[in-house]
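Hello,

Here is the structure I promised to pass on, with some notes on what turned up in it. Have a look at the model first, and then read on.

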Amino acid sequence: MEIVRGLHQLKTPMTSPALPYIMPYVFEGNDGISLFDAGYGTPEASDALTRQLAVLGYEPKHIRRLIISHAHPDHLGMAGWVKEQSPDCELVMLAREWQWIVDRWLDNDGWTKLSDQWLVRHGVPQEEIDEAHAQGNLAPNSPNAKQAATGGSNGKDAGASAARRPSMRFDIEPEVKLEDGEVLEFDGWSLRAVWTPGHTPGHLCMYETKHRLMFTGDHVLPHISPNVSLHADQEGTSPLSDFRHSLQKVADFDTAAALPAHEFTIPDLKQRCAVLLHHHDDRLEEVRDAIGDDTASAREVSQRVKWNTGPFDDFNIFMKRSALGETLSHLRLLEDEGRVRRIEGDGAVRWSKA
Ligand SMILES: [Zn+2]
């Protein structure tokens, strides 16, 4: 679909029935094209991209620039394939996201160990974790990891049904590492980098100045609320606080339309941001109430709150980790607001209402 002259919205398939596709955006240029996000690292996804580019009169070798909103498999996954097709293609992302990849994804074993200790500290029984490892379920590159990467408490991720395993390379260092506010200019297009931490620490939105278009990646989606988690490697940070500031940040732009990575175009970005802020206000109340009159672990709180994807106890271990991270991002914000208290002791963290 052509959004404005020379800018096209495509669709490449994912492996989840609930999130069936991701939308790459194609900018036409003088001697090739640039993309904002590409898609999963599956042959189905790269075939779909190839077919849709052909309709526009291009081949994958014409991709000069690949801008990535964030380092999740449905956004970064195809980067390796794109670089094979077009070796001179520049990979572009925020410097902060690349730092996150270096810190977290390039040391999978270290991260998994840290994450396991964190699960136990927040109430998940060690036997459950051991069992998940025995089934190969806890590795960051397991198919289940792809499924849960996007959907949050209001999300639509379908859980562990993936039969196909998308490839994913985290070791491609971007040629261009952007800073917040930096303007990327090419072929008459002018895009301003908007750092929007929350869904990931270095999530990138891009503001196109001429037509007042905001490319929102997974930061703002029209129906789904993105997962905002506090994970093992993020102790001391508050991703939900970051996310709320990032919503306000994009809402403050004068935007004609927002172009997200999933679902469909958002006509009123300000209104959608307001709805998302409201959703998290409700969720904060629900999380606080779920603590009850005694103390509770983050796991117990997660068992008591409502999830669109079913009860917590039915989740596989990867979804539990994701849900626990989401509960903790809310508890952390409540703690900062003085509404809950963290009680540490005996290798375990519990929470009480303040
Ligand atoms: Zn996504």
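**What I found**

Glycine 57, with a positive phi near 90°, follows helix H1. Helices here are DSSP runs of H or I with at least four residues, strands are E runs of at least two, and both are numbered from the N terminus. Please keep in mind that this is a predicted model, where local features need pLDDT of at least 70 and side-chain atom pairs count only at pLDDT 80 or more, while totals for chains, interfaces and linings use all residues. Residues are numbered from 1 along each chain as its sequence is written.

Staying with H1 (residues 43–55), its 13 residues should span 18 Å at 1.5 Å a residue, and its end C-alpha atoms are 18 Å apart, which agrees. That expected span is 1.5 Å times one less than the number of residues. Ala45, Ser46, Leu49 and Leu53 of H1 are buried (20 or more other C-beta atoms within 10 Å of a residue's own; exposed means 12 or fewer, partly exposed lies in between, and C-beta atoms are placed from the backbone). Because these four cover an arc of only 95° around the axis, they sit on the same side of H1; the arc is that of the directions from the helix axis to the C-beta atoms. The buried residues pack against strand E3 (12–13) and helix H3 (79–85), with contact meaning C-beta atoms, placed from the backbone, within 7 Å. On the face turned away from the buried side, H1 carries the exposed residues Pro43, Asp47, Arg51, Ala54 and Val55.

Next comes strand E12 (residues 204–208), where 5 of 5 residues are buried. Leu204, Met206 and Glu208 lie on one side, and Cys205 and Tyr207 on the other. E12 pairs with strand E11 (residues 189–195) in the antiparallel sense over 5 bridges; strands count as paired if DSSP finds at least two bridges between them. In that pairing, valine 194 stands opposite cysteine 205. E12 also runs antiparallel to strand E13 (residues 213–217), joined by 3 bridges, and glutamate 208 stands opposite leucine 213. The hairpin of E12 and E13 has 4 residues between the strands, and arginine 212 takes a positive phi near 60° there.

There is also an open sheet of 7 strands with mixed pairing, in the order E1-E2-E5-E6-E7-E8-E9. Its edge strands, E1 (2–4) and E9 (176–178), each pair on one side only.

Best wishes

Conventions: Two residues are in contact if their C-beta atoms, placed from the backbone, lie within 7 Å.
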